[in-house]
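Please open the model in your viewer, with the sequence panel beside it, and follow the stops below in order.

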Amino acid sequence: MSQSYNRGLIEDFGRWREFSAGMWAWVFHKFTGWVLVGYLFTHIAVLSTALSGAAAYTGTIQTLEGLLVVRILEVGLLAVAVFHILNGLRLLMIDLGIGLESQDKSFYASLILTGAITVASVPTFIAGAF
Amino acid sequence: MSTQVPKREEVESTTDEAASSPGKQRRDTAKADRAGQQEKQREAEERAKANEDTVRIKVFRYDPEVEAKQEPRFDEFHVPFEKGMTVLDSLMYARDHYDPSLTFRHSCRQAICGSDAFFINGSQRLGCKTQLSELDEPVRIEPLPHQDVVKDLVVDMDHFYEQMHAVEPYFDPDELPDGELEEQRQSRANREKIKMSTRCIWCGACMSSCNIAAGDNQYLGPAAINKAYRFAMDEREGEARKQERLKIIEQEHGVWRCQTQFSCTEVCPKDIPLTEHIQELKREAVKSNLKFW
């Protein structure tokens, strides 16, 4: 064997159409996890305005909640958190060895539930933004 | 379809009669051979074209020993379709009728030897177990991803075998029965538990499909962990041996690298519930390390 050819990573995101349910679940779980970590920092930043007095905190919150973008982002945050929770439960079941044959169905179920909960939350989050 | 070597007797006998110098004879034979081969190739191509029911396959080609073939490329073949034809059948047809240099591993053609795992239309499958009728055309046939390509569809399996051997895949009980000829019986329930894990044919499809194994070369991989499961769960081996096995399994690049993407379970041609076995070993590892004192 004189030499061989290294094809590198074949299954990159270019092949996303061929991903199976378990793979998507993993991708979404990682993604939502990182989004939640990122949100934690902004959350702490907003809360820490309370250090400079009650008025500063109230002002910050009122300004933020007055922006439509923030309201939409909040809906997104809920979607991300709900999916992470539901898929986390799914992973817990997998770790316990329960229902591994229907892991794809439980992934779809958590997706649908996430969608339903997100849609149901829209009126609450958007109320008074316009 | 025929997998026979094309007949060449006629050509040989005619050149035997016109014997001049041995060098010329050899050249003549070679020329006649080549002409015959080209003729046959053209014939086969025409037959394939005339036959409406053909399948288009695109095959990954690479040959480090021929300069013009060092750059990987895809070759397209039109193969006459026959009912029940598998991907391996089409590859053999292409090799026998179009290009004898097309290289791929195959042996038993009945999903037992595990040598013809390819990357077919974007997923790892056994060539001999995959029906052409179930695939979209053109059928893309590539070597297994995440392994070095040696030639065409042949990949370097050394690393896979190393991982398989790393889990000590042999029966090794703590104590042997008293009588020399006494059998080491397994309970039916225990046999049932490990049944699926014994079906592994070492084809390497799971390892190739695993995202984690692709990024972490030290990761044992689904097949090796499944092998470890087969022996760790065997009750005849005894507690001491099981602890040793768990030590191999629970190391940093063992079961804990698995992130339950189910890619391996999805591609396994023998339907082994690999992820389930890995998860069970994770639980075993936790249980054996939990101490309440």
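Begin by selecting helix H4 of chain A, whose buried residues have a cover that includes H1 and H3 of chain A. Helices (H or I, at least four residues) and strands (E, at least two) are here DSSP runs, numbered from the N terminus. This is a predicted model, in which local features need pLDDT of at least 70 and side-chain atom pairs count only at pLDDT 80 or more, while totals for chains, interfaces and linings use all residues. Residues are numbered from 1 along each chain as its sequence is written, and chains are lettered from A and ligands numbered from 1 in the order in which they are written.

**Stop 1: H4 of chain A**

Keep residues 103-126 selected: this helix of 24 residues reaches 34 Å from its first C-alpha to its last, close to the 34 Å expected at 1.5 Å a residue, where the expected span is 1.5 Å times one less than the number of residues. Now show the side chains of A:Gln103, A:Ser106, A:Phe107, A:Ser110 and A:Thr114, which are buried in H4(A). A residue is called buried if 20 or more other C-beta atoms, placed from the backbone, lie within 10 Å of its own, exposed if 12 or fewer, and partly exposed in between. An α-helix has 3.6 residues a turn, so residues three or four places apart point the same way.

Move along to A:Ala120, where H4(A) bends by about 30°, with a proline, A:Pro123, following within four residues; the bend is the angle between axes fitted to the seven residues ending at a position and the seven starting there. After the helix comes A:Gly128, whose phi is positive, near 80°.

**Stop 2**

Select H1(A) next, and compare its length with expectation: its 27 residues should span 39 Å at 1.5 Å a residue, and the end C-alpha atoms are 38 Å apart, which agrees. Its buried residues are A:Gly22, A:Met23, A:Ala25, A:Trp26, A:His29 and A:Thr32. What covers the buried residues of H1(A)? The cover includes H3 and H4 of chain A together with helix H10 (263-267) of chain B.

Now display both chains: 22 residues of chain A are in contact with 26 residues of chain B, a contact being two residues whose C-beta atoms, placed from the backbone, lie within 7 Å. Helix H1 (21-47) and helix H3 (68-95) of chain A each supply at least two residues of the side that touches chain B. By class, that side of chain A has 9 nonpolar, 8 polar and 5 charged residues, where Ala, Val, Leu, Ile, Met, Phe, Trp, Tyr, Cys and Pro count as nonpolar, Asp, Glu, Lys and Arg as charged, and the others, Gly among them, as polar. For the complex, the predictor gives an ipTM of 0.84 and a pTM of 0.82.

**Stop 3: chain B as a whole**

Select chain B, which has 11 helices and 7 strands, and of whose 293 residues 35% count as buried. Among its contacts with a separation of 6 or more, 65% are accounted for by residues 24 or more positions apart. Coloured by pLDDT, the predictor's confidence in each residue from 0 to 100, chain B has a mean of 87, and 89% of its residues reach 70 or more. Treat residues 1-19 of chain B with care, as a stretch over which pLDDT stays under 50.

**Stop 4: strands of chain B**

Which strands pair with E5(B)? Strand E1 (residues 54-61) of chain B pairs with E5(B) in the parallel sense over 3 bridges, and E3(B) pairs with E5(B) in the antiparallel sense over 2 bridges; strands pair if DSSP finds at least two bridges between them. In E5(B), B:Ile141 is the bridge partner of B:Val59, and B:Glu142 is that of B:Phe119. Turn then to E3(B) and E4(B), which pair in the antiparallel sense over 4 bridges and form a hairpin with 2 residues between them.

**Stop 5: a cis peptide bond**

Finish at B:Glu137 and B:Pro138, which are joined by a cis peptide bond with omega of about -10°. B:Pro138 has its place in the loop between strand E4 (123-126) and strand E5 (139-142) of chain B.
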